[in-house]
Amino acid sequence: MSRFISKILRHQPSIIGIELERDGAWANVDELIVGINQHGKFKIDRGLLEKIVANDSKGRYSFNSDGTKIRANQGHSIDVIIEMEKRLPPEFLCHGTAARFIDSIMLQGLLPRSRNFVHLSPDYETAVTVGYRHSRPEKPVILKVHAAQMAEDGYEFMISDNGVWQIRNVPPQYLEIMDEI
Ligand code: HQG
């Protein structure tokens, strides 16, 4: 159910016939609930939606202040604008990926691909988990991102409401292959 909601709120609201507000990426909660129920794959009501939002392991979703709207905090591929806090990064951040992408990444740098931003992990372990999503059954490759140096060179880092580091791109000179775990 959470994956389905994530698909709707980040990538394809049209699958249940709704639209997101471009400014803020908000969906109307009543429309979301009606849309999901009409779609037929899942049954949901306000109480269940509140539980999903409150218990999501990564805090992926937020309600607005009066609870009439809901959004995914990050990870969108559709054209939306979410205000994110600009923050100076730690010296290094990490990015977990699959070995088959490495040649291209070391040539072009990290690009957002289908999403609006490149996502970076604060630590090695998180990057391993993220990397496995693309590499399984192979082990992921973990890249060290020289984040403080990038910030010094004028690159802007942002952090989403649920604490995911985001940046438009990472040129290859700031990347270092840590190892294959
Ligand atoms: C790779 C999950 C070739 C990149 C996670 C990645 C994350 C390139 C893939 C969040 C490339 C994109 C995002 C280049 C980047 N050439 N491949 N130049 N530049 N790539 O899923 O970072 O559970 O869009 O390395 O926890 O894997 O959904 O990004 O392998 O935070 O909330 O292209 O998704 O969060 O894949 O994952 P993705 P990601 P949720």
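Residues are numbered from 1 along each chain as its sequence is written, and side-chain values rest on heavy atoms, with hydrogens and water left out. Because the model is predicted, local features need pLDDT of at least 70 and side-chain atom pairs count only at pLDDT 80 or more, whereas totals for chains, interfaces and linings use all residues.

Side chains of opposite charge can pair when their charged atoms come close. The structure holds six salt bridges (a salt bridge being a side-chain nitrogen of Lys or Arg within 4 Å of a carboxyl oxygen of Asp or Glu). One of these joins Arg22 to Asp79, with the closest N and O atoms 2.9 Å apart. This pair links distant parts of the chain, 57 residues apart, since Arg22 lies in the loop between helix 1 (2-11) and strand 1 (27-28) and Asp79 in the loop between strand 3 (69-72) and strand 4 (85-86); helices (H or I, at least four residues) and strands (E, at least two) are DSSP runs numbered from the N terminus. Arg22 is partly exposed, at a relative accessible area of 47%, while Asp79 is exposed, at 52% (buried means under 20% relative accessible area, exposed over 50% and partly exposed in between, with a 1.4 Å probe and protein chains only).

A salt bridge also connects Arg71 with Asp161, the closest N and O atoms being 3.5 Å apart. Here, too, distant parts of the chain are linked, with Arg71 in strand 3 and Asp161 in the loop between strand 8 (158-159) and strand 9 (165-167), 90 residues apart. Arg71 is buried, with 11% relative accessibility, whereas Asp161 is exposed, with 56%. Glu85 and Arg87 form a further salt bridge at 3.0 Å, N to O; Glu85 is partly exposed at 43%, as is Arg87 at 39%.

The ligand is surrounded by 18 residues, of which the closest are Lys58, His95, Thr97, Ser104 and Arg115 (a residue is near a molecule if one of its heavy atoms lies within 4 Å of it). A polar side-chain atom of Lys58 lies 2.5 Å from an oxygen atom of the ligand, and an N or O atom in the side chain of Arg133 is 3.0 Å from a ligand oxygen atom. The backbone of Gly109 places an N or O atom 2.9 Å from a nitrogen atom of the ligand. Strand 5 (92-97), helix 4 (102-108) and helix 5 (124-135) are the elements that give two or more residues to the shell around the ligand.

Methods: A polar contact is a pair of N or O atoms within 3.5 Å; within protein, one must be able to donate a hydrogen and the other to accept it, and residues adjacent in sequence count only if both atoms are side-chain atoms.
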